[in-house]
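Please read each point beside the sequence and the coordinates.

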Amino acid sequence: MPGTLITVAPTGAELVKEDVPNLPVTLDELVRTAQDCERVGAAMIHVHIRGANAEPTLDLGRLKETVAALRSETSLVVQLSTGGAVTDPEEDRLRVLEAMPDSASCTMGTVNFGDDVFMNRWEFVVELHKRMRDRGIVPEYEIFDLGHLAALHRLLDEHGLPAGGHVHVDLVMGVPGGMPGDVSTLVAALRLIPAGATFSATGIGRSSLPVLLASLSAGGHLRVGMEDTVSYARGERVRDNAQLVARAAGLAKIAQRPPMSPAEVRTLLSVAQSN
Ligand code: KMH
Ligand code: ZN
């Protein structure tokens, strides 16, 4: 059994700083969080950035600065979100790739997202996939619903493998409007994942722990972080992202699949080794 890739998703685009004061929103807070999370077992970081007023932004200058800072202050594999916020236009989401991260998310279809719609038209998904390959950026295919796995097969059949030739997916489970975060749905998803692909799983909100445990026992990898849950236990708020990573790392060790180092993850996902 291989070790466990632990990705931290520390910020997201949905939470409001006033409601969640410990959410990392400035570059300093993000870098400190990243360092803390690396220390306790994270190997990759899934990044959404915020602007001067802590609002979600896809500002290219800030994204470039963020990638540079995370590269200089950590060894983490840096993955930028191209999902952004549900209000972000397609051209801004495509422009994220100009910040040249190691990896970027690529959501495989449209999904209801609470009271909103997270729009991912087929032509847009294809464009993201091609532009990432042109730039040598390794995608993580985000799967919010089982039909997104059918779309992934179509994408790979019609447009070929991504940069590096390896396929990695992240099952984002428990979004209101997407697939539920439970064991039977995870098992159903596994039947649809392309041969040879690796997968992580993320449970939103209260599905965080059940999905984490199910993924570990199914040989999968993990994504945790305040983007996905701000509750550590019933009635207990998350202290910080490192608390969630440390718990995931502890459970991975118990499962005899200890956290992988960033260098091991670069090999696993065919991401170029850092300098
Ligand atoms: N913020 C969500 C609308 C991604 O990062 O690629 C989309 C999201 C997925 O978080
Ligand atoms: Zn995200």
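1. Gln79 belongs to strand 5, which spans residues 77–80; helices (H or I, at least four residues) and strands (E, at least two) are DSSP runs, numbered from the N terminus. The residue is buried, at a relative accessible area of 0%, where buried means under 20% relative accessible area, exposed over 50%, and partly exposed in between (1.4 Å probe, protein chains only). The side chain of Gln79 makes a polar contact of 3.1 Å with the side chain of Ser103. A polar contact is a pair of N or O atoms within 3.5 Å; within protein, one must be able to donate a hydrogen and the other to accept it, and residues adjacent in sequence count only if both atoms are side-chain atoms.

2. On the basis of these values: this is a predicted model, in which local features need pLDDT of at least 70, side-chain atom pairs count only at pLDDT 80 or more, and totals for chains, interfaces and linings use all residues. Residues are numbered from 1 along each chain as its sequence is written, chains are lettered from A and ligands numbered from 1 in the order in which they are written, and side-chain values use heavy atoms, with hydrogens and water left out.

3. Which residues are around ligand 1? They are Glu14, His46, His48, Ser81, Gly83, Gly84, Val86, Ser105, Thr107, Phe113, Phe118 and Glu227; a residue is near a molecule if one of its heavy atoms lies within 4 Å of it. This shell divides into 3 nonpolar, 7 polar and 2 charged residues. In that division Ala, Val, Leu, Ile, Met, Phe, Trp, Tyr, Cys and Pro count as nonpolar, Asp, Glu, Lys and Arg as charged, and the others, Gly among them, as polar.

4. Polar side-chain atoms of the protein approach ligand 1 as follows. One from Glu14 lies 2.8 Å from a nitrogen atom of ligand 1. One from His48 lies 3.1 Å from an oxygen atom of ligand 1, and one from Ser81 lies 2.7 Å from an oxygen atom of ligand 1. On its own, ligand 1 has 300 Å² of accessible area, of which the protein covers 97%; such areas come from the Shrake-Rupley method with a 1.4 Å probe.

5. The space that ligand 1 takes is the largest pocket. A pocket is defined on a 1 Å grid over the protein atoms alone, as an open set of points where a 1.4 Å probe fits, with protein on both sides within 12 Å along at least five of seven lines. A molecule sits in a pocket if more than half of its atoms lie within 2 Å of its grid points.

6. Asp102 is placed in the loop between helix 3 and strand 6 and counts as buried, at 11% relative accessibility. Its C-alpha atom is separated by 9.1 Å from that of Arg266, 164 residues apart along the chain. Leu94 lies in helix 3 (residues 90–95) and is buried, with a relative accessible area of 10%. The C-alpha atoms of Leu94 and Arg131, 37 residues apart along the chain, are separated by 8.2 Å.

7. Ser231 lies in strand 13 (residues 231–233) and is partly exposed, with a relative accessible area of 38%. Between the C-alpha atoms of Ser231 and Gly205, 26 residues apart along the chain, the separation is 7.1 Å.

Methods: On a 1 Å grid over the protein atoms alone, a cavity is a set of points where a 1.4 Å probe fits but cannot get out, and a pocket is an open set with protein on both sides within 12 Å along at least five of seven lines; lining residues have an atom within 4 Å of a point.
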